[in-house]
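Please look over the sequence and the model before reading on.

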Amino acid sequence: MNPWPVVIGPLLFLAACTAQPQVSRDTGAQLYAQTCVSCHGPDAAGNGPLAEDLPVPPTNLTRLAMQNGGNFPYARVMEQIHGYPGRFHVMPEFGPLLAGPDVNWRAPDGTSLRTPRPLLDLATYLASIQEEI
């Protein structure tokens with residue numbers, strides 16, 4: 001009798017429970033182009049065509065990791081993008097636009113959060129364009 005199925009079954013289950021969801025940087029780049037460029041600009045430096053008309057200058061999104069000790073602040077970025085009713089007065093609440101299937105995302109602190117996949121795709125794209133420290 002082969003003992004491997006007894007061992008492999010639980011290991012596959014454990015891997016499925018702890019694995020991070022598949023995300024798409026390309027989908028995130030498309031979402032950025034559709035929702036963020038007008039304020040943050042094509043290079044994400046905060047210099048979009050509407051930037052001068054805003055009461056608060058858009059953030060340079062390429063320096064978020066640098067401003068966070070070299071670590072990209074995924075949770076804070078996704079919170080800011082998603083928005084909460086009544087919390088933001090300048091940045092639109094993109095939650096409805098970024099609706100999609102929820103995935104389990106494990107934050108750097110180990111917390112598992114249900115997160116819309118498009119929101120995670122967008123955050124993954126932003127993490128990929130960070131300036132080097």
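The notes below start with the whole chain and then turn to local detail.

The model is predicted, so local features need pLDDT of at least 70 and side-chain atom pairs count only at pLDDT 80 or more, while totals for chains, interfaces and linings use all residues. Residues are numbered from 1 along each chain as its sequence is written, and side-chain values use heavy atoms, with hydrogens and water left out.

**Overall make-up**

- The protein has five helices and two strands, taken as DSSP runs numbered from the N terminus (helices: H or I, at least four residues; strands: E, at least two).
- Read from the N terminus, the order of elements is α-α-α-α-β-β-α.
- Of the 133 residues in the protein, 33% are buried, where buried means under 20% relative accessible area, exposed over 50% and partly exposed in between (1.4 Å probe, protein chains only).
- Residues at least 24 apart in sequence account for 45% of the contacts between residues at least 6 apart; contact means heavy atoms within 4.5 Å.

**Helices α4 and α5**

- Helix α4 (residues 74-82) and helix α5 (residues 117-128) have axes that come within 10 Å and cross at roughly 125°. Axes are lines fitted to C-alpha atoms, for helices over the stretch in contact, and angles run from 0 to 180 degrees between N-to-C directions.
- α4 and α5 are therefore oblique to each other; angles under 35 degrees count as roughly parallel, over 145 as roughly antiparallel, 65 to 115 as roughly perpendicular and the rest as oblique.
- On the α4 side, the contact is made by Y74, V77, M78, I81 and H82. On the α5 side, it is made by L119, L120, L122, A123, T124, L126 and A127.

**T35**

- T35 lies in helix α2, which spans residues 25-35.
- With a relative accessibility of 18%, T35 counts as buried.
- A polar atom of the T35 side chain lies 2.7 Å from the backbone oxygen of L31.
- Not counting residues up to four places away in sequence, T35 touches F94 and L97.

**T62**

- T62 sits in the loop between α3 (37-40) and α4.
- T62 counts as buried, at 7% relative accessibility.
- The side chains of T62 and N60 are joined by a polar contact of 2.5 Å. A polar contact is a pair of N or O atoms within 3.5 Å; within protein, one must be able to donate a hydrogen and the other to accept it, and residues adjacent in sequence count only if both atoms are side-chain atoms.
- Leaving aside neighbours within four places in sequence, T62 is in contact with D43, A44, I129, Q130 and E131.
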